[in-house]
Amino acid sequence: MQKEMKKVLTPVFAFLLTLGLFTSVDAQIQTPAPSPSSTVEQAVGLATFSIDYSRPAMRGRTIYGELVPFGKIWRTGANASTKISFDRDANIGGVDMKAGTYAIYTMPGEETWTVMFYSDLRLGGNVNGYDEKNEVARFTVEPQEYPVTVESFSMGFSNITGNSANIFIIWENTAVSIPVKIDTETEVMASIESTMAGPSMNDYRAAANFYANNDKDMDKALEWINMCMELGGKDRFWMVTDKARILAKMGKKEEAKAAATMAMEMAKKAGNNDYVKINEDIISGL
């Protein structure tokens, strides 16, 4: 009996041992990244900016002029390209730029830094492949001596107002500040004028359909859909269809039929068969 058990257990033991060996081989040791990644996000006026970058440390090294040579293109950080994103057009470093995502490259110098915004986000540290045709912006800024030694490469935003900010780069005892301007006033004024002018055609339509769909004050729903018509809705077959539905729900059959017929003809002309069918159904249901 024991011999038979040995015959059974030995292959099982061998299998488990093999499995354990493979598990050990596949196990991975996790260690901290020498240049950890970081993301900083900041609202500037109505715009949102974010910077994704890696943060190398000094670790006893002299940075500018040695680790980062003067006059050479630098990825401005470590690992992959340092990227900046903003969702509204902006003026950065005196250059007008379209909203989007760009890589930031720099050429540090003792007296001035050249800053480049680059459209190819995949270049990373392969600066030998840097191509000026991919530059979206180029400008210069003056470095400043920073009174405190900063061990880890740092980027972020400072001096934030409703229409401006500064992007800062600080490492070792050097700081660089890049001015940012946003045309917040134009956007806010347009919003104020639009809001103060009263509800739009779509606002009236949304309110009318909400009232009609939820069996609220149908007279008010009709009033609002008529306001929608006055503001241009009468030229849009889907909005005329909304009016036909409201009239049908109110029992105003003749008016509903007239509106549905009009919307159906407009939909035919536009080649929208779905709305042709919808209005046919409205008419047949009267």
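Let's start at Lys249, which is partly exposed, with a relative accessible area of 44% (buried means under 20%, exposed over 50% and partly exposed in between, using a 1.4 Å probe and protein chains only). This is a predicted model, in which local features need pLDDT of at least 70 and side-chain atom pairs count only at pLDDT 80 or more, while totals for chains, interfaces and linings use all residues. Residues are numbered from 1 along each chain as its sequence is written, and side-chain values use heavy atoms, leaving out hydrogens and water.

What does Lys249 pair with? Its side chain meets that of Asp215 in a salt bridge, 3.0 Å from N to O; the term stands for a side-chain nitrogen of Lys or Arg within 4 Å of a carboxyl oxygen of Asp or Glu. Asp215 lies in the loop between helix H3 (201-213) and helix H4 (218-230), and Lys249 in helix H5 (residues 237-249), so the bridge ties together parts that are 34 residues apart in sequence. Helices (H or I, at least four residues) and strands (E, at least two) are DSSP runs, numbered from the N terminus. Asp215 itself is exposed, at a relative accessible area of 60%.

The structure holds 13 salt bridges. Another one joins Glu187 and Arg88, at 2.8 Å from N to O. Since Glu187 sits in helix H2 and Arg88 in the loop between S3 and strand S4 (90-92), this pair ties together parts that are 99 residues apart in sequence. Both ends are partly exposed: Glu187 has 32% relative accessibility, and Arg88 has 26%. In helix H6 (residues 253-270), Glu265 and Lys268 are 3 residues apart, which means about one helical turn separates them. They too form a salt bridge, with their closest N and O atoms 3.7 Å apart.

Just after H2, Gly198 takes a positive phi of about 110°.

Now for the aromatic residues. Rings of Phe, Tyr and Trp (its six-membered ring) pair if their centres lie within 6.5 Å; planes under 30 degrees apart count as stacked, over 60 as edge-to-face and the rest as tilted. By this rule there are 20 aromatic pairs. In one of them, the ring centres of Trp74 and Trp113 are 6.4 Å apart and the planes stand at 75°, so the pair is edge-to-face. Trp74 lies in the loop between strand S2 (47-54) and strand S3 (83-86), and Trp113 in strand S7 (residues 113-118), so parts 39 residues apart in sequence are tied together. Trp74 is buried at 11% relative accessibility, as is Trp113 at 1%.

Is Tyr64 buried or exposed? Tyr64 is buried, with a relative accessible area of 10%, and is found in the loop between S2 and S3. Leaving aside neighbours within four places in sequence, its contacts include Trp74 and Trp113, where contact means heavy atoms within 4.5 Å. Elsewhere, Phe49, Phe86, Tyr102, Phe117, Phe139 and Phe157 form one aromatic cluster.
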